[in-house]
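Hi,

Here is the structure I promised to pass on. Have a look at it first, and then read my notes below.

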Amino acid sequence: MTEELEHILSQLTQPDNAVIQQATAQLKQAFKNPGIIPALCAVMSGSQTPQNRQSAAVMLRLRVKKHWKKISPNDRESLKVVVLQAFMQETEHTVQHSLSQLCAVMVKHETPDSWPALLQLLNQSTKSSNPNDRQIGLLLLNKVIESNPEPFKPHYCQLLQLFSTVLQDHNNPTAVYYCILSLTAITAYTGTEEMSQMRSIIPSVIVALKHLIKADQDKASEAMEVFNELMESEVSIIVPHMADMVHFCLEAGGDVTLNDSLRVKALSCIIFLIKLKSKTVMKQKLLNPILQAIFPVLVAAPPPGEQDPDDEEDESGDGTDNENPKHCAAQIIDTMALHMPPEKLFQQLMPFTHACLASDNPYQKKGGLLCLAVLAEGCADYIRTKMLSSVLQTVCQSLSDSNQVVRSASLFALGQFSEHLQPEVSKYCAELMPLLLGYLSSLNQANVCHVTKAFYALENFMENLGSDIEPYLPTLMETMLSALNNTDNLKIKELAVSAIGAIASAAKELLVPYFPPVIESLKGFLTTTTEEMRLLQTQSLDTLSVLARTIGKDVFSPLAAECVQLGLNLTDTIDDPDLRRCTYTLYSAVSTVSPECLTPHLTAITTVMLLALKSNDGITAHLEEDKTFVLLDEDDDDDHEEKAGDQILEEEPETDVHDVAGFSVENAYIDEKEDACEALGEIAFSTGAAFQPFLESSFQQVYELRDFPHEDVRRSAFGAMGQFCRSQCLVWRDNPTEANYQALLKLLDVVLPCFVEAVRTEPERQVVMGVLETLNNVVKTCKEEVFKNPSRLKQISHVIRDVLKKKTVCQDGGGDEAEDEDQQAEYDAMLQEFAGEGIPLVASSVPADSFAPFLNDLLPLIMSKAKPTCTVADRSFSLGTIGEVLQALVSVSGGQGVAGRLSNRLLPVLVAGVRDSDPEVRNNSVFGLGCLAQAAGSIVVSDYPMMLSVFSNMLSKESDPRVIDNLCGALCRMIMSNVEAIPLEQVIPALVGNLPLKEDMEENKTVFSCLAMLYTHSPALVLKVMKPIVASSPHVLGNKKVDEDSQNILAMLMKEFAQHHSADFQAAMTSLPQDQQAKISATISGS
């Protein structure tokens, strides 16, 4: 049979399909013969053709992989002998490689200890004096360990001794390469007993990598993965050698003689290290050396006659070119901004940045601008409060620089500022909008890449302007509509469509006059099916979604059904993940405006989305094929043989995770999953009962994605799970059947433990923030139902406590450096804010006495952030949270007692906050004092004189309108809570003298409820101040920013004045302008 098999195998490699098909059919037959294993063994060890030996090894591997149990014990034993003999006598690298993979699969079925001959061979070959034997021994070792690291655990100490010897063998780079790969494979499985050996081996790894770089840059790049593995699984091994590792990576990253992929790999290690261990980087004084090494990379000029990738003419403007050292250098600064305290970072970074900005060299200037741009996200508060006008001035000057490279960079910086430095940056509207509009006037002459950046800056700036965009609307829309109608350039049309979305976000119903021509253009783009229109179509769908949410229900509803149909027609005819993703966003937007238009199509829509969630499209598993000694055609053959073998063995197409070197995923498919989750959640929430038939299947698919490899998908899956709970809760409230109630409790019982676990164990901070935000929304909607399970209150309170104490995985496991608690990265503070926001929500959902023991634990953690040494953001958060907790206690059973017991601890903190230099902190403190009076009631009456003197003192000095509004609200809370304890003769005139409220419109309800109560309690007092009350009313009545309840309370009061005190009322009216009188009269006759 051996000869016959050898003949078939050689036929399989012929360049003739008919021959291959015939050979495949013969092979299928051969595999039914019980003698197939010995025959394959004979070919593998005895054939004269390397190709056939290799094919036989691959076939055996496939057979062993899935059918080991079916192979007879005799055949198994002889296979173990033959494969090692074949390996020892083999001279062809490709065959050795396939044989080592066969051994690797066998080791998975047979533990290493039950195959002593293998261990003996490994021991002899890796210690052989012949360099070639060592190399081959390490290849075999690498494959068997990579496929199954854990069973080798008893041998780890011995292996680490071997590795430390091999790492000194600098003249045998291939041996060193396999050695480092094997070390990488066992790293995740090492335990405390190997720790000291692991630590001591790191310096040798660094030196060996330096030698490997000289011998083979590609191998060195791959071997450097060992650092990522060490950082991810056991970062404490690296910490003692961190300085050496950082210097090595900086040296490689800055060496212009090395290839880009190796430099990128080295710089990426630094990014990962900062993300994981920013405190240690700072403690070991590595910040300055890193900055010194990366600035030359950031400001390097491209070779003569070339441009940086992000300045090239044909660049699509989507920033996809990440694989270059300059991009990594900027990312390092970006990561520092996200993970380090701003004060400490800026102290060391700004001298470098200023030097760049002061230079005449355009690439130096560009580097300085890039640096400012990437700081905006992570250090937003610091830049907004300490240096906004100076950085904006720098950017504005650079916008008119003579060099386009500098202008482009300043547009990028302005876009970043506009996105992250709100609301302050919008106040510079008058200076910035003319500059940006100037850029757009020369649309057709400039290069597309540059125009893309101009649009990026303009969009981000406009999106947050709100009604301040009004004066610019005619110019903006004229420019955009003419670009849609006149230009032939599809890229510019796409940018214009995107910009219209940003304009709509700000302008909302102000855009109505321009709506018809915009819709006509978008419909035109969405009904063609040509390939080159694809990007324009996805952008048109996105903009349509924004219009649905912003233009107003009355304007959009008539189009809703047509929009849904447009989306369905597109996905029926075109298979494109980006296009599908944008249709999900559109359906989601339509569901918020007219859910009834979506209902008939829910079956079709959910089917497409659930397929997207299930699909493995775009995910490629990289099978471990030979990375070292690949013959040019080996890939094809190996692939081909694997396929042939698969057919013969009727193999399942799934790959075993240990054969996978990694996964690469096309971003479009990731984005599609992310958007499908978000859309399903929102559609479920908006359509309510209509979504019920799809809830279970949708939930199951989304739940599966909670540990998906990509963080954005995980985050959106958690978000959707929260939306499903909220949707079910509303369905139950509308239709309170037992079945609906049980469905809600069942959902909460699955979802909430899952959230709590994710907050504790999820490594990515952004995902944890998303989970906390979703948890807060679920508590806000479902209230006490969340806490029906008796253990839930403790679980949620404890997980909030853990975040506030920095004890979760994404917070660097509680941090090993406790000093300098007041200084942390802004995003770390933000994570704690998300957790803190949960405290008042929980407080308003359970009886106060149940929550009191947990609140006692949590409050000190919140109060510690009110210290004067803390940042403004922390102080504001601390006092705001205290105020909201007290506000929550007003409306729950037992709240008064708990608030009273807390008052002695909270009063001093709130009173100190009233004297803060920052208006937002003062505002939150005043609000808190009012809520304390309201919540604790008579218990704090003895503190009223002190509180009133604090408020009276403030009113005489305060200039911030929002703080004054809150002072009025706080006084009213005190009056309503204990009217007898207030000297009304003095307080009421002062209160009414500050009406109408200027900024905090929510406090109108408090103020007018109080005045209405006083009117029934002591009408004479209120009639004395009728004139200012009447004068303030036109600012409240008919004001969109004031809620209906407040307007109704005021309208009733006006009616009372008009009916029972008409002379005084008319006298107060006559002093008002005609239009205001008319507004009041209309309200009185209408109410």
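Let me start inside a helix: Val 395 sits in α21 (residues 388-399), where helices (H or I, at least four residues) and strands (E, at least two) are DSSP runs, numbered from the N terminus. Its relative accessible area is 0%, so Val 395 is buried; buried means under 20% relative accessible area, exposed over 50%, and partly exposed in between (1.4 Å probe, protein chains only). Leaving out residues up to four places away in sequence, Val 395 touches Leu 369, Ser 410, Ala 413, Leu 414 and Phe 417, a contact being heavy atoms within 4.5 Å. Leu 411 is 16 residues from Val 395 along the chain, and their C-alpha atoms are 7.9 Å apart.

Before the rest, some housekeeping. This is a predicted model, in which local features need pLDDT of at least 70 and side-chain atom pairs count only at pLDDT 80 or more, while totals for chains, interfaces and linings use all residues. Residues are numbered from 1 along each chain as its sequence is written, and side-chain values use heavy atoms, with hydrogens and water left out.

**The whole chain**

The protein chain has 53 helices and 2 strands. Its radius of gyration is 35 Å, close to the 31 Å that the globule rule gives for 1087 residues, so the chain is as compact as a globular protein of that length. (The radius is taken over C-alpha atoms, and the rule is 2.2 Å times the number of residues to the power 0.38.) Along the principal axes, the C-alpha atoms fill a box of roughly 120 × 75 × 65 Å.

Of the 1087 residues, 56% count as buried. Among contacts with a separation of 6 or more, 75% are between residues 24 or more positions apart. The chain exposes about 44,700 Å², with carbon and sulfur atoms supplying 51% of it; accessible areas come from the Shrake-Rupley method with a 1.4 Å probe, and for residues only the protein chains shown count as cover.

As for charge, there are 84 positive and 142 negative side chains, and the centres of the two sets lie 7 Å apart. Lys and Arg count as positive and Asp and Glu as negative, with His and the chain ends not counted; each charge is placed at NZ of Lys, CZ of Arg, CG of Asp or CD of Glu.

**More buried spots**

Leu 967 belongs to helix α46 (residues 961-977) and counts as buried at 0% relative accessibility. Not counting residues up to four places away in sequence, Leu 967 touches Val 926, Phe 951, Met 954 and Leu 955.

Ser 594 is in the loop between α30 (577-593) and α31 (595-598), and is buried with a relative accessible area of 1%. Apart from its neighbours within four places in sequence, Ser 594 is in contact with Ser 557 and Ala 560.

Gly 880, in helix α42 (residues 872-890), is also buried, at 12% relative accessible area.

Helix α5 (residues 73-89) is worth a click too. Its 17 residues should span 24 Å at 1.5 Å a residue, and its end C-alpha atoms are 25 Å apart, which agrees; the expected span is 1.5 Å times one less than the number of residues. The buried residues of α5 are Asp 75, Leu 79, Lys 80, Val 82, Val 83, Leu 84, Ala 86 and Phe 87. What covers them includes α3 (36-46), α4 (50-67), α6 (93-109), α7 (116-126) and α8 (131-147).

Most residues other than glycine have a negative phi, and most peptide bonds are trans. Here are the exceptions I noted:

- Gln 422 and Pro 423 are joined by a cis peptide bond, with omega about 0°; Pro 423 is in the loop between α22 (404-420) and α23 (429-441).
- Leu 995 and Pro 996 are also joined by a cis peptide bond, with omega about -5°; Pro 996 lies in the loop between α47 (984-992) and α48 (1003-1017).
- Lys 285 has a positive phi of about 55°. This lysine is in the loop between α15 (260-283) and α16 (287-298) and is exposed, with a relative accessible area of 68%.
- Lys 783 has a positive phi near 45°. Lys 783 is in the loop between α38 (765-782) and α39 (792-804) and is partly exposed, at 29%.

Cheers
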